[in-house]
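Please take a moment to look over the model shown below before reading on.

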Amino acid sequence: MTGGIETVFVGCIVHSKSLTELEVIENGLLGLTAEGKVAFLQNLVGNRGDLCDETLQNASQTFGFDISVVQKLTATQFLLPGFVSHLWASLLLDNVLTCAPPNEQIDTHIHAPQYVFTGTGCDLPLLQWLEKYTFPREQAFSDPTYAQSAYQRAVTRTLRNGTTTAAYYATIHSEATKILATICAETGQRAFIGKVCMDRNSPSTYIESTEDSLKTTNEVADFISQLSTKGRVKPIITPRFAASCTSELMHGLANIAKKRDLPIQTHLSESHAEIEMVEKLHPECSSYTAVYADHGLLTNKTVLAHCVHLSPSERKLVYDANAGVAHCPNSNFSILSGVCNVRRLLQEGIKVGLGTDVAGGYSASMMDAMRQAVIASKVTFMNSRDASKDGRKPWQPLNLGEVLYLATLGGAKVLGVDGVVGNFEVGKEFDAVLVDLKPGDGRCVDVFGHDGIMDSIEKFVYNGDDRNIAKVWVGGRQVL
Ligand SMILES: O=c1[nH]c(=O)c2nc[nH]c2[nH]1
């Protein structure tokens, strides 16, 4: 008799309750319902190695599960969707050779068609990069056969890297966009799928009419909505950016988003040249951010990629709308856009998640996004050290717990799914990654006896790769 509990993980469980609150349960008990939701999360008293059969028997009676559904994590493994703060750095484990945290990761900004040129073309700034590399590559997705093969590889790669939720930009092609949605549905990845909209300032061979853009946006949304994914694959309205969308298109897309109650994703304030271009196109608007606000595109369901150079009044507009920011540090460095001050966004109460921004970013890994977010925040810190001369405080770099939060619960908030995923709160769906730090296969993480849990997690974030990801679950279903 399982009492509806299908799986119980026993072992070290780590998750983020907020930006500053991380919980490590050394002897944790995490029960999953048959629907893949967290039924209970408990701390069994004692140290990790101490768990005895009697404790487990007692727990099985208290929580009504059969012992046969128990999956014991080894002494070297743990589960985590969020990360531990320095509070836990003194927690030492014996013989830590492997660590296995289920750690869901949410990529709030990724261009699926650009996966095909990831790691190349990082020699140009945004507007030239779009023209030389991006638009020609995206144009190829008019061919559904090519799209099928490329998108399959992109989704497989992100899943392998532990991305359980992704907010994808596709291309302007509706057939290919439907293919991407179908692949996500079939592989089980939670995803927001955006048919890209662009009706101006684009190549003559890669552009659509305003009418077609609106029509196909509705058509793709209809298609995605009828996929049987338990709501895990959803449409997202995707005006590429203000420079490539006419006012008519932006207003039309805002209407669709409102009518269908859909989220919106777009780019904002990424590079200086882009900002100048948008400001020239919209002298009637007080800022780049105001362009979106004035066209009805700045809502509490809007995901704004980059936001590197926002002015104080623009940040206020974003905050007041309760829109979220997809921070894409790799891309901001790679295509020379600038360094986004994430600490300031967080201090001002703006929702922030992380994005790989493939292929402006050269890596499809959220581990890389975390590393680069720390580095970007350190650059911001170093550039602000003189601030104390004016009585201001320098911007503190992000710590490990904070970037882990951004990669999980922070991203879930940006995408409006924090009631469903983001950590192991009871009632949420179990989206998780099993990390394994055991040596072998040329793996890059070496854990020693003196390493505690925090050291292991830190080593994973800084040196880990997909060889350290043993399993991935979405909604309780093992998808890898
Ligand atoms: O990083 C970016 N990638 C893109 O594809 C894009 N399009 C507009 N603005 C963009 N920025």
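Which residues have the most contacts inside the largest nonpolar core? This is a predicted model, in which local features need pLDDT of at least 70 and side-chain atom pairs count only at pLDDT 80 or more, while totals for chains, interfaces and linings use all residues. Residues are numbered from 1 along each chain as its sequence is written. The residues in question are Tyr168, Leu180, Ile193 and Met370, and the core to which they belong has 136 residues. A nonpolar core is here a set of buried Ala, Val, Leu, Ile, Met, Phe, Trp, Tyr and Cys residues joined through C-beta atoms within 7 Å; a residue is buried if 20 or more other C-beta atoms lie within 10 Å of its own, exposed if 12 or fewer, and partly exposed in between, with C-beta atoms placed from the backbone. Helix α13 (residues 400-414) supplies the largest share of this core, nine residues, where helices (H or I, at least four residues) and strands (E, at least two) are DSSP runs numbered from the N terminus. Apart from this core lies another, of five residues, among them Trp129, Leu130, Tyr133 and Ile335. In soluble globular proteins, nonpolar side chains tend to be buried together.

For the chain as a whole, the secondary structure comes to 14 helices and 18 strands. The radius of gyration, taken over C-alpha atoms, is 22 Å, close to the 23 Å that the globule rule (2.2 Å times the number of residues to the power 0.38) gives for 480 residues, so the chain is as compact as a globular protein of that length. Of the 480 residues, 56% count as buried.

The ligand is surrounded by His111, Leu126, Leu130, Thr134, Arg240, Phe241, His267, Glu270, Ser331, Asp357 and Gly360, a residue being counted if its C-beta atom, placed from the backbone, lies within 6 Å of the molecule. Helix α2 (residues 126-139) gives the largest share of this shell, three residues.

Some backbone details remain. Most residues other than glycine have a negative phi, and most peptide bonds are trans. The peptide bond from Val358 to Ala359, however, is cis, with omega near 10°, and Ala359 has its place in the loop between β15 (351-354) and α12 (366-383). His306, in strand β13 (residues 302-306), has a positive phi of about 90° although it is not a glycine, and His306 counts as buried because 29 C-beta neighbours lie inside 10 Å. Asn322, in the loop between α9 (312-321) and β14 (324-327), likewise has a positive phi, of about 60°, but Asn322 is partly exposed, with 16 other C-beta atoms within 10 Å.
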